[in-house]
Amino acid sequence: MLFDPRAHEPVLEAPWDEGAIEDAIRAIACEADGALRGRDWWAIHPLDAESGDPEVFHGIYMGAAGVVWALDRLARAGLHEPGHDYARLASDVLESYPLRPEFGEQPSLWMGFGGIALVAWLLAPSAELADRLEALVTAEVQPDTLELLWGSPGLLFIADALIERTGEPRWTVAWRALAERLLASQGEHGFWTQDLYGKVEEILGAGHGTAGVVAGLARRPELLSPERFAATVTRAFAATAIREGAHANWPPALHEGLVHRTGTIRLQWCHGAPGIVTSLATLPREPELDELLLAGGELTWAAGPLRKGAGLCHGTAGNGFALLKLFTRTGDERWLERARAFATHAAAQVQASRREHGHGRHTLWTGDVGAALYLEACLIGESALPGLEAW
């Protein structure tokens, strides 16, 4: 068995209805907009709460910066009527963070100051903010976890966003320097080694492991030839895939079995096939990699939506992005149809969770606004991940 049936549920048998999906997006955004608590930002949802949590989160992953950016993006897409000045809010989040910093001076993208500064610059660009971002992405992270949430791979996406928006040579220089340092730290078997949460191990998945590093390196083929790492990465993931017929999944770490320490088999964006498919899908097409990615996608579809909820990191929307990536990679409309089926299901999950808890889950990568951005991606048939590839 390549997945845990207890963690999944059958996909809703409901027709794709663009009007209903747009209504779902608007409802999510409106509820999130109205739940803002001034400079206390958004309340931590019970499903996100852990012992020892700070009073508020500011970052992109599950904090105010991520929600502000998502609401602004939905407004720019014509799918939300703003109740606030999001550019001003993004600047306020940046000013607020030093007063109650949950992660200190951590520079990286999702769990640190770097992502907060990026969102503030994206919504209200300034030369001063750009210079602060340059200082972050050009300084070597020490110690470096070598994964997206805390480490230097996340900085690749900051430099990438600035290349896209400005075209200034300094961001190209910064991106190349980061990429070269990452390639120099790649292990002989194709994986990066993470020093994270008190453990040193070679994690495979997108959230904390090699797949996420590859996703960053693959963003700029004009600056870093994929041939320098694509073949090695393909061999590494081919060697570690666990196969059953037309399906494939991957263990959380190199020297672990498929069963996670929690007793379940992970099949979600952060650990398992969906995140690996999503991360490697932008590498050049070649038969062995194509076959691996299709096998991971087929398992994601066969297992069905995640019972955990609708979110990106470990929910139905994150798994759905693997299906969208395969649509982008192959042009096969079947993958878009499957992704849209997951979108309809995710919209229903958001509504059910709101009824159960009496309010929404206001984060980008674990909550409702991330699911709303997945619904938008399904409307337009695009597969760029919010807060990584899509800004």
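Is Arg 6 buried or exposed? In this predicted model, Arg 6 is exposed, with a relative accessible area of 61%.

## Salt bridges

The count of salt bridges comes to 26. Arg 6 takes part in one of them, its side chain meeting that of Asp 4 at 2.7 Å, N to O. Asp 4 counts as buried, at 7% relative accessibility.

Arg 307 and Glu 9 form a salt bridge through their side chains, at 3.4 Å from N to O. This pair links distant parts of the chain, 298 residues apart: Arg 307 is in the loop between helix H11 (287-303) and helix H12 (316-330), and Glu 9 is in the segment before helix H1 (18-34). Arg 307 is partly exposed, with a relative accessible area of 46%. A salt bridge also joins the side chains of Arg 285 and Asp 290 (3.2 Å, N to O). Arg 285 counts as partly exposed at 49% relative accessibility, while Asp 290 counts as buried at 15%. A network of salt bridges links Asp 160, Glu 164, Arg 219, Arg 220 and Glu 222.

## Ser 108

Ser 108 lies in the loop between helix H3 (86-96) and helix H4 (113-123). Its relative accessible area is 0%, so Ser 108 is buried. A polar atom of its side chain is 2.5 Å from the backbone oxygen of Gly 151. Beyond four places in sequence, the residues that Ser 108 touches include Phe 113, Leu 148, Trp 150, Gly 151 and Leu 155.

## Nonpolar core

The largest nonpolar core has 139 residues, of which Trp 110, Leu 217, Trp 269, Leu 280, Trp 365 and Tyr 374 touch the most other members. Trp 365 touches Trp 110 and Trp 269, and its other contacts include Tyr 61, Leu 312, Cys 313 and Pro 386.

Note on methods. Residues numbered from 1 in each chain as written. Predicted model: local features only at pLDDT ≥ 70, side-chain atom pairs only at ≥ 80, totals over all residues. Heavy atoms only, no water. Helix = DSSP H or I, 4+ residues; strand = E, 2+ residues; numbered from the N terminus. Buried < 20%, exposed > 50% of the residue type's maximum accessible area, 1.4 Å probe, protein only. Polar contact = N/O pair within 3.5 Å; in protein donor to acceptor, adjacent residues only side chain to side chain. Contact = heavy atoms within 4.5 Å. Core = buried A, V, L, I, M, F, W, Y, C linked by side-chain atoms within 4.5 Å. Salt bridge = Lys/Arg side-chain N within 4 Å of Asp/Glu carboxyl O.
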